[in-house]
Structures are given as structure tokens and as C-alpha cells.
Amino acid sequence: MTGPLVPLRQLVLKVHSRCDLACRHCYVYEHADQSWSSRPRVISDEVVSRAALRLAEHARNHELASVQVILHGGEPLLAGPARLRHVCHALRTALHGVSELDLRIHTNGVQLSERYLDLFAEFGVRVGVSLDGDRAANDRHRLFADGRSSHDKVLKAIGLLNGDRYRHLFAGILCTIDVRNDPAAVYDALAATAAPRIDFLLPHATWDAPPLRPDGASTPYADWLLAVHDRWNAQGRPMPVRLFDSVISTLGGGPGLTESMGLESADVVVIETDGTYEQADSLKTAYDGAPVTGMDVFRHTLDEVARHPGMTARQHGADDLAEQCRTCPVVRSCGGGLFAHRYRGDGTGFANPSVFCPDLEELVRGLDARTGAGADRPVDGFDALADGTDDGTALRALARVRQAVTRELLSTLNEEQLSREHELWDPAWELALDLGRSDGTFTQALLSHPYTRTWAARCLDDRALPGDLACLVAAVALPAGLVESVRVPVRSGLVHLPGLGRLRVRTGLTAIDLTYSRFSGPAPDWEPLRSVRAEGMDVVIDDVDPHRDCFGGPVSGRLTDEEAEQWRHVLPQSWASIRKALPGTASAMAQGLRVITPLTGRVDPRAGTPGGGFAALGLHLDCDPVRVARDLVRGFRLGLLDVLLDECDLYDEADARTGRLLADTYARAATDALRHNPESGRRTRAQWQELASAASLTELGRRFVDGMGRSL
């Protein structure tokens, strides 16, 4: 019932643990965590080799098209050209034929020379440089230990990067904000470097060590950044500024572009010079030991690191945030701010808004007012969803949409139950609230089960029993060890555990106190759901859930072992066809699809969207794997559209014909790739032209249909 593992796509590799500058705002040496002092100065051959192999293993297992490795420190150039050559060669060799390697280095620039740049050109290493602005701004913090300025040396390094031989290696400039510096002077100095990108960072701070606020100003960081934005905008936006671009993207429904803002899952891990895995470096500002995982490259895989509680705490979007953040109108853009900036040492840990909360809200609202980017807010990744290029952003957004709808249904259902005394609803509801307060992943798992929404909607129509909430709570809480037992209803001698299976009990009982031991192992009275696994696919075959009949076709009963084996035989073949013909769709399905419900016949392709969403598909087993593949893709696309329509008005719902046409065309736009039939493609384009002329489409609907046209 827990969410799928989020692959780690970015690795920060510490190649040297010391630095030749003594920057006063450095989180590595000047903040709470001082673990740098006990680590080797330089990364060893053994650590480099194991790190490269671990990354290649992870990329292969998760079919990652690309991974990013950032060589870091301390100051990574102190490792020297020979050591850096060994690191680059080991990474390139390990990932050859497995995944595209995006190799970068982040440096203070004072050691940068042509010798290093020739090495980086050989291995395609892009170079990011730290610079805080003009000399006055840069010398406020970025000094040598004896107090000398580093400014001239950094400008010399940037001059080398701007030369014809090395310009293609220049990744951009990172600038840490100090609101005592003149924003116009800082921006002008950075713009004068002709950097291909500028990245502004808020200084690291927590509620225990709050940021500087001169004269008690309420939003000095927002004011400073908005002044920079206005100057940047007036000059025609000569280079991308990642912080501004990220906010504008999220305001328009797109993804966040920076770790410090937005609701995207955390996918970065750090490997220190001794081979230990750590969480994001910024956590060093919270408390001593905050980034620790207790794992290393010699004993642990990256999959194990990805499952670490500290990593998963930043992979559930808004559900991981404080209540104040979840209800904030700008949360989609600010994302609660950088995880480290939420820390408070009063026992609440990271379950707080960012210490920069007022600044983040003012910044988002200020950019919205200046750009109008949020005038029309569909879900994140809306346009990519329409044209079939979604990288997972829209999928995650739609998962949040479905969870929000289900949460609202449950709240409405609870209000109805207040006027009644229900033996099982009340204790299950209270238990769900208690567990949700203590473990944020519990609520997400409860709301994410594909048939929770169907059951809740039927309860409101008196077509299902509210007491079955206890079964949902038990299915999530008992395997996780959150409680010892849950009192659950018995229906016709059966206890249904959504997503897991069903338990046969003595007839005549109406309820039992269920413990995990009753269904945690093989037993004659326990009927678990069967699973089907193939490369990139991991689903269960749900042939018992009482609310699985939401696909517009009759569902089968409990499969025999022979029938289950037929599913295990055909589905991997179908999946292979999808991966070959539609790799992007296969990647999205691997992230979102969790349940397949067997049907006794094929669903009418002219029917509209089903009600199960994209996490569960109703499917008729066919002897032809390609036909099954088409049905899988069709069902998944219709499931995406089903959830999208919960959030977005694409057409006048009174026009049923346009609804059916939209659904069928959206599904066919993907399944045509599996037909190998040019005539089918021509029919789809003709159907799209009819849809595009439909008068009942809303403006947002026309935008979606236009996106479909691009995919054709």
C-alpha cells in the first residue's frame, strides 16, 4: 500500500572534503553539522569504483534514461586533475550503454585553469561557479582564510569559461543572497559575466537560527528578489534565472525547476569522501547528524537509500507538508520551501513551514502579479499530459488530485455519519485521524488505493457500507506495524483487505479484531492477491475487491491458479510491446499503475472514461498480447483523463458526444503506435479534427485538444 520507490536521478559526489576559501555562510563548515572534520580529505579509488557501480546498477534497474552526477566538496578542484580524471573515467565507463551521464562540477573557481578545463572538455563536464555579485557583495562572505578577496580569481575563471574553447562547458553561476547587498548591483555584476544561467539561493537558516531581517523587515528576501526580477525583466531576460523560471512554471501548471521550491519528489543523494550516503547537503544547517543515513556504498544499494525515511519524507508532495502549508494557496509554487529551512528543534522537527515562509508567499504572489503566469491554473504538467510527453510531473499531480477528491468524499461521508451511531465507522475514523497525524504516509496510502473513491461515493448513495473504512485502515496500518489490531466487519464470512486479499472466517460473525498474523503468511483461510512482475512493471491482479466493478464491464470472480498463470504469461509480453512502441507511456504506467482487475469481456471502446482512475485498470485477458497491450494503454490513458476531469472543465458535460469523442481520441492517440496500421492513424486524425471543432469545448479544453494534435 506504500507508494512506488522514487528513483534517485541526481548524485552529489564529494571528491574532496576541504576548501581553500573560508566563506562565512558555508553550510558545510560554518553550520551545525561538523562531520567534514572526521572524513578523508580525498575520495579513494575504492569509493569511486563502488559509487559508479551502485549508480549504474540503480540506473539499469529503473531504466533511467539519464542521471546527473555533480562533483562537489569542499572544493572539488583540490582533488587535482589526476584524481578527477579517474572519477570521470570510472563514472563514464560504468554507465556506458546503461544511461546517459550528465556530469557536472561545482567550484568556487579560484583554482580553475586550462588544465582542468581541457579535462572537463574531454569528459563533457559542465562547470558551475559560485559568485555572490560585485566585489563588495562577494567579499562580504567569499574570502580566503587570511581575509583576502577571491573576487579577481573567480572573474578570471569565468573569463576562461567564456572563451571559445570552453564556453560550451559553462553551466552558470550560483549566487547566495545577502539582503544587505544592493540587488541591482549584484544582478548587474552577474549579468556582466554573460553566464548562461543564474541561480539565486536563499541563505541557509532554520527556526532555531533564523535568517537576517534588517530593521525587522517582514519580507526582505522577497523584496530583494523582486527588485532583481524587475531589472532582469526590463533588460529582456538575457539569461534564464532558475528561481524565477521555477515559480513561473508552477504558476502555469508546470513542474518546479529547483529543489528549494515546488512539490516534486526529492531524488538527490550525496556520497561523501568515505563512501557514506547522506541526504541533501542543506540538512547540515539543521543539526549535527541531520543528513546521516547510516548507509554506505560498500554495503547498501541506492534502492535501499531511496527507501530511507529521510528520503521518503520528501516524496509525497503536499501530503508531507505542515497543515498550514497544505492549505496555503501558493503551495504548488513554493512547495513549503527547502526541507532544511523548516527545521525547529522543539520536537516538531521538519513539520513546520519554511522559516522564509512570508518571503516565499510574497515572491510567488509578486511574480504572479508581474507575469500573469497563474491566470489559468490547470494541473501541473497539463500540456505535457495532452501531447503525451509527460515526464511524471502530471502523473504525480493527478495522483494528488485523486487523493484530494477522495479526502473530500471521506469528510462528507463522516459528516453524514455524525447523525448516526455506527459500531465500526467511528472507531475506524478516529484511528485514521490519529495515524494520519503521527505518520503522513498512512493518509497518503489510505487515499491512494484505487477503489477507495468508488467505495466512498457508493456509501454516499447508500450502495456500500461505511463500516468498510475499517478494512481500509487495517490494510494500511497492520502491515506497517502502526497498530496491533483493528476491528473490521465480516461480510458473508469474508474480511476484505483492499490491495492485499481476503480472509475467510467462521460464518455467523459480523466483526472480528484483526491482527497482522492472521494474513501475514500462507494459511488455508487467506486468499492473497497475485502479483505480476516484469521489467519495469509490478502490479497485483485484484479479483476479490467488492468495489472493483467500475470499468463499464462485468468483473470475473476469483481466478483459478491456472487462470492466474495465464495472466502471468500474457501480461509481460504485452508490457514488452508497450515498452518498445511507447517508452514514454510505459515509464508513466510503471510509475502509476498498481492494480489490474480481470473482466469477463472487453470494454466497449466507444464508452467514455471509466471511474477507477489510472492506478487500476479493468482488463479482459486475450490470447493476443498486442491486443492486450492496446487495452492496457487505452485503459491507462482513459484513467488519466478520468482524474483530470475531476480537476479541469474541458467541455460542457451536457454534451455527452463530445465527452465520448474526447476520451476515444485521447486513447487512440497513444494506441495507434501499437497497431502498425496507417489507416488507423488517418482515422484518429480525422476524429481529432471533428473534436477540435466541437463548440462545447472550454478554453482549457481547446488547449488540451491542441496538445493532442501536436502528438498526432
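In this predicted model, the side chains of Asp230 and Arg370 meet in a salt bridge, with 2.7 Å from N to O. Because Asp230 belongs to helix 7 (residues 220-234) and Arg370 to helix 13 (residues 357-371), the pair ties together parts that are 140 residues apart in sequence. Asp230 is partly exposed, at a relative accessible area of 34%, and Arg370 is likewise partly exposed, at 40%.

A salt bridge also joins Asp281 to Lys14, where the closest N and O atoms are 2.9 Å apart. Asp281 sits in the loop between strand 8 (276-278) and strand 9 (292-296), while Lys14 is part of strand 1 (residues 10-14), so this pair ties together parts that are 267 residues apart in sequence. Asp281 counts as buried at 8% relative accessibility, and Lys14 counts as buried at 2%. Both residues belong to a network of salt bridges that also links Arg39, Glu272, Asp274, Glu278 and Lys284.

The structure holds 48 salt bridges, including the following.

| Pair | N to O |
|---|---|
| Asp230 and Arg370 | 2.7 Å |
| Asp281 and Lys14 | 2.9 Å |
| Arg558 and Asp543 | 2.9 Å |

Turning to nonpolar packing, the largest nonpolar core has 95 residues, of which Leu13, Val69, Leu71, Leu84, Leu91, Phe120 and Phe200 touch the most other members. Beyond its neighbours within four places in sequence, Phe120 is in contact with Leu77, Leu84, Ile105, Leu112, Val125, Val127 and Leu169. A second, separate core of 56 residues includes Val401, Leu621, Val643 and Cys648.

Notes. Residues numbered from 1 in each chain as written. Predicted model: local features only at pLDDT ≥ 70, side-chain atom pairs only at ≥ 80, totals over all residues. Heavy atoms only, no water. Core = buried A, V, L, I, M, F, W, Y, C linked by side-chain atoms within 4.5 Å. Buried < 20%, exposed > 50% of the residue type's maximum accessible area, 1.4 Å probe, protein only. Contact = heavy atoms within 4.5 Å. Salt bridge = Lys/Arg side-chain N within 4 Å of Asp/Glu carboxyl O. Helix = DSSP H or I, 4+ residues; strand = E, 2+ residues; numbered from the N terminus.
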